[in-house]
Amino acid sequence: MDSNEHEPAERAAPSPPRAPGIAGLSTPYRVVTALALGVVAVAACTHLAFVFLHVAPTNTVSRQHAKTIDSWIYPEFEQNWKLFAPNPLQQNIAVEARADVRSESGELVTTPWRDLSAEDGEAIRHSLLPSHTRQNELRRAWDFFTGSHDEDNKPNGERGQLSEEYLRRIAVNRLAPGPGEGTILRIQLRSATTAVPAPKWSAETTDTQTYYRELPWWTL
């Protein structure tokens, strides 16, 4: 009897361990990954450069490219320093919205006012990783609108129309009906401003009545 019959079959050699990270990918995937990382790095550096030029003191570069910088920063990335200003905000300002909705049956329904600011506050309260959008998007949009409009809600500069479009887009996204619930025809926003009451130990009196500023209806 052949002695080889009693020997175990020769096992195939194990494949070499895969290198960690990008080095473990095939050549085409390494190229695609490197290009994607390069694009992200360039975009991040460009964004940081625009933000720096926007908040830095006026200089030759920011003056020469002011239009390009503003078109990138406004309205989503606008910066402000109200928290550190000599007169920080001493009011609670809530942004509320309602809509005229055409139901599937053809009925026109006006929704009740929704406190969008309260919804944002509830979404981030007690959260370990609060959303930057929930904290700042609506607040900055309202500041942008009031800073570019007079008390009669008329634009006082070139950015007035942009601020209206930005605020309207946010409200439409928040109020959008679900499937089968109808179509939004127009929306209206208002602010509810209430002064922060003076501390109990202070003799100062504060008017804590809520004052509203209603914007006109915007047709979509």
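Mentor: Two helices have a left-handed crossing if the near helix is turned anticlockwise from the far one by less than a right angle, and a right-handed crossing if clockwise; in this structure the crossing of α4 and α5 is left-handed. This is a predicted model, in which local features need pLDDT of at least 70 and side-chain atom pairs count only at pLDDT 80 or more, while totals for chains, interfaces and linings use all residues. Residues are numbered from 1 along each chain as its sequence is written, and side-chain values use heavy atoms, with hydrogens and water left out.

Trainee: What makes α4 and α5 roughly antiparallel to each other?

Mentor: Their packing angle is about 160°, with the axes 9 Å apart. Angles over 145 degrees count as roughly antiparallel (under 35 as roughly parallel, 65 to 115 as roughly perpendicular, the rest as oblique), and therefore α4 and α5 are roughly antiparallel. The axes are lines fitted to C-alpha atoms, for helices over the stretch in contact, and angles run from 0 to 180 degrees between N-to-C directions.

Trainee: Which residues of α4 meet α5?

Mentor: Leu116, Ser117, Glu119, Asp120, Ala123 and Ile124 in α4 meet Arg134, Gln135 and Leu138 in α5, where contact means heavy atoms within 4.5 Å. By class, this contact has 4 nonpolar, 2 polar and 3 charged residues.

Trainee: Why is the pair of aspartate 120 and arginine 134 called a salt bridge?

Mentor: A salt bridge is a side-chain nitrogen of Lys or Arg within 4 Å of a carboxyl oxygen of Asp or Glu. The N to O value for aspartate 120 and arginine 134 is 2.6 Å, so the pair qualifies. It links distant parts of the chain, with aspartate 120 in helix α4 (residues 116–124) and arginine 134 in helix α5 (residues 132–147), 14 residues apart. Helices here are DSSP runs (H or I, at least four residues), numbered from the N terminus.

Trainee: With which other arginine does aspartate 120 meet in a salt bridge?

Mentor: Aspartate 120 also meets arginine 174, at 3.2 Å from N to O. Arginine 174 lies in helix α6 (residues 160–175), 54 residues apart from aspartate 120 in the chain. Salt bridges that share partners join Asp120, Arg134, Glu137 and Arg174 into one network, and a search of the whole structure finds 9 salt bridges.

Trainee: How do you know whether aspartate 120 counts as buried or exposed?

Mentor: Its relative accessibility is 4%, and buried means under 20% relative accessible area, exposed over 50%, and partly exposed in between (1.4 Å probe, protein chains only); aspartate 120 is therefore buried. Arginine 174, at 16%, is buried, whereas arginine 134, at 32%, is partly exposed.

Trainee: What makes the phi of histidine 126 worth a remark?

Mentor: Most residues other than glycine have a negative phi. Histidine 126, in the loop between α4 and α5, has a phi near 65°, a positive value in a residue other than glycine, and at 77% relative accessibility this histidine counts as exposed. Asparagine 153, found in the loop between α5 and α6, also has a phi near 65°, but at 15% relative accessibility asparagine 153 counts as buried.

Notes
Helices (H or I, at least four residues) and strands (E, at least two) are DSSP runs, numbered from the N terminus. Ala, Val, Leu, Ile, Met, Phe, Trp, Tyr, Cys and Pro count as nonpolar, Asp, Glu, Lys and Arg as charged, and the others, Gly among them, as polar.
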